[in-house]
Amino acid sequence: MLNAFPTPQGSPASPSSWDPLGLWSDARLRLDIWAASASDDAALARRQRERLHALLAVAQAGSAVYRVALAGRDPARVELAELPVFDKATLMRRFDDWVTDPALTLERVRALLADPARIAEPLLGRYTVWESSGSRGVPGIFVQDEHAMAVYDTLEATRRAPADPMARWIDPGFLGERIAFVSAVGGHFATHVSVQRLRRRAPWLTRHWTSFSIMQPTPALCEALQAFGPTIVATYPTAAAMLAAEQAAGRLRIAPREIWTGGETLGAAARRAIEQAFGATLRDSYGASEFLPIAWECAHGALHVNADWVILEPVDAQHRPLPPGTLSHTTLLTNLANHVQPLVRYDLGDRIRMPGTRCACGSALPVVEVLGRCDDVLQLAGRDGATVALLPLALSTVLEDDAGVFDFRLEQTGPASLRLVVASATGDAAPARRAAEVLRAFAERQGVQGLQLHVESCDALPHDVRGLSGKLQRIVARRGSGADAGTGTGTGAGTGAGSGTGSDERSGPRTRKRRRAQPGA
């Protein structure tokens with residue numbers, strides 16, 4: 001998530017209401033973000049310190065979880081490294097004690113998430129809610145207050161480098177763009193919620209924005225995109241690579257000026273293939289359900305952390321800080337914008353490297369290199385000798401939403417054969433049977449012919465199924481099949497390597513634990 005991939009944000013205010021104080025607040029936020037972009041290291045550190053102390057004061061006063069963590073400490077003086085590390089599973093078990101608004105009960109939040117008609121509905125009139133994926137075995141629920149959403153919106157609108165700066169100067173609100181969001185839709189995923197939120201609040205701004213489901217067969221998706229004629233396509237690297245292959249083969253004919261990607265690792269080979277197929281500029285991003293716009297890609301291809309509003313700590317397995325240039329075991333995230341659901345030293349699970357050197361673009365914001373999602377595209381035999389590409393996000397969505405399984409491993413073992421292993425702590429084989437049923441049905445809808453599916457149950461998946469990113473590698477192609485071209489393996493800033501965590505979904509993109517089948521097209 002979200003951020004699964006970037007969304008054009010920045011004009012969320014409803015035209016039906018006049019809020020001078022809100023407009024002044026938005027203007028001040030935008031000016032502050034512009035100033036931080038040009039600041040030096042000392043000014044950036046000062047912003048971080050002031051916002052961290054404000055966050056800790058709110059967390060200590062309103063969150064039972066953080067009240068214990070901060071016991072005996074002065075929020076205005078404590079150092080971040082002194083505080084304990086939290087993970088998603090621990091915080092989700094204590095959701096009602098985690099949030100700072102007692103009206104935000106887990107029961108009330110889940111009631112909203114259970115209803116697809118309530119996507120992007122402001123909970124209690126003021127909170128935005130989405131779900132993360134179970135890519136680390138535990139789905140998460142994240143609530144954003146209005147200030148956090150304003151920060152996300154303004155960061156997206158202010159810092160993401162456009163392919164054509166003059167076009168953005170003439171059309172800063174994207175009013176003339178036809179933007180296609182190609183993702184899993186119909187559920188409470190971070191990016192989808194963000195887009196639908198803007199549609200609710202500014203229909204005049206979003207009238208040329210359309211979402212396209214990656215759950216539909218590739219020919220149908222290509223036909224729909226071609227009829228729409230997007231000027232911008234926002235999607236995941238694996239989906240962008242698949243669409244690029246369709247474009248190169250002549251089965252898709254669109255002419256976007258820009259491709260926006262996020263939510264998965266983007267490799268150098270995939271980047272080249274996508275840009276060459278569409279003749280477009282690609283801009284990658286790094287985000288998560290925990291903080292949508294973690295990093296943006298500059299014109300030099302480097303990912304810059306929005307360090308005035310989010311703190312990333314590359315750490316080793318014992319959560320000790322690492323020197324610049326060292327690949328981390330995991331990453332701790334602190335969200336300085338969201339006060340209703342504090343995230344302080346939260347184990348994000350991504351492996352990152354922060355070189356500690358200035359980018360040639362001149363920005364003071366630190367550069368990050370990311371190893372994110374590492375799932376593969378599966379290439380299976382289809383009808384009449386055709387090859388059918390099954391995207392990892394679509395496969396995960398089917399297994400999570402329709403079968404209700406989150407701890408699984410799907411391996412391609414032959415041209416039309418798969419091995420599915422489902423972990424169940426209770427030893428119950430029913431989840432594996434459900435997963436097999438929905439997987440067969442999905443593959444058939446996509447055009448896979450003669451699928452051979454071997455299904456197993458186990459108590460727990462072994463550690464060696466985790467990829468370089470540290471996350472569970474749940475979908476693995478046949479080695480040597482070329483399927484890895486979709487995700488790539490590059491991690492340098494020069495390749496614009498990015499990731500979303502559900503982180504989510506981020507991400508992001510694939511995000512949520514629901515009790516029903518869906519998503520819609």
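Start by selecting arginine 251: with a relative accessibility of 52%, it counts as exposed (the cut-offs are under 20% relative accessible area for buried, over 50% for exposed and partly exposed in between, using a 1.4 Å probe and protein chains only). A salt bridge here is a side-chain nitrogen of Lys or Arg within 4 Å of a carboxyl oxygen of Asp or Glu. Glutamate 246 is buried, at 13% relative accessible area. While you're on salt bridges, select Arg271, Glu275, Arg283 and Glu297: bridges that share partners join them into one network.

A quick word on what you're looking at: this is a predicted model, where local features need pLDDT of at least 70 and side-chain atom pairs count only at pLDDT 80 or more, while totals for chains, interfaces and linings use all residues. Residues are numbered from 1 along each chain as its sequence is written, and side-chain values use heavy atoms, with hydrogens and water left out.

How many salt bridges does a search of the whole structure find? The count is 21. Select arginine 358 and aspartate 41, whose side chains meet in one of them, at 4.0 Å from N to O. Arginine 358 is in the loop between β13 (351-353) and β14 (367-371) and aspartate 41 is in helix α2 (residues 41-62), so this pair ties together parts 317 residues apart in sequence. (Helices, H or I of at least four residues, and strands, E of at least two, are DSSP runs numbered from the N terminus.) Both arginine 358 and aspartate 41 are exposed.

Next, pick aspartate 153 and arginine 197, another salt bridge, with 3.1 Å from N to O. Aspartate 153 belongs to helix α7 (residues 146-159) and arginine 197 to helix α9 (residues 190-201), so the pair links parts that are 44 residues apart in sequence. Are these two buried or exposed? Aspartate 153 and arginine 197 are both buried.

Show helix α10 (residues 218-228) and helix α11 (residues 237-248): they pack at an angle of about 75 degrees, with their axes 11 Å apart. Axes are lines fitted to C-alpha atoms, for helices over the stretch in contact, and angles run from 0 to 180 degrees between N-to-C directions. That makes α10 roughly perpendicular to α11, a label for angles of 65 to 115 degrees (under 35 is roughly parallel, over 145 roughly antiparallel, and the rest oblique).

To see the contact (heavy atoms within 4.5 Å), select Thr218, Leu221, Cys222 and Leu225 of α10 with Met242, Leu243 and Glu246 of α11.

**Strands and a hairpin**

Move to strand β2 (residues 141-144), which is covered on both faces: Ile141 and Val143 on one side and Phe142 and Gln144 on the other are all buried. Strand β1 (residues 128-131) runs antiparallel to β2, joined by four bridges (strands pair if DSSP finds at least two bridges between them). Look for glutamate 131, which stands opposite isoleucine 141 in β2.

Now select strand β18 (residues 417-423): six of its seven residues are buried, so β18 is largely enclosed by the rest of the structure. Strand β17 (residues 408-414) runs antiparallel to β18, with six bridges between them. These two strands form a hairpin with two residues between them, and glycine 414 has serine 417 as its bridge partner in β18. β18 also pairs with strand β19 (residues 452-458), in the parallel sense and over seven bridges. There, valine 422 stands opposite serine 457.

**Last stops**

Select helix α13 (residues 392-402), where 10 of the 11 residues are buried, so the helix is largely enclosed by the rest of the structure. Just after α13, glycine 404 takes a positive phi of about 75 degrees.

Most residues other than glycine have a negative phi. Aspartate 384, however, has a positive phi of about 60 degrees. You'll find aspartate 384 in the loop between β15 (378-381) and β16 (387-390), and it counts as exposed at 82% relative accessibility. Finish at leucine 124, in the loop between α6 (106-113) and β1: phi is positive here too, near 60 degrees, and leucine 124 counts as partly exposed at 30% relative accessibility.
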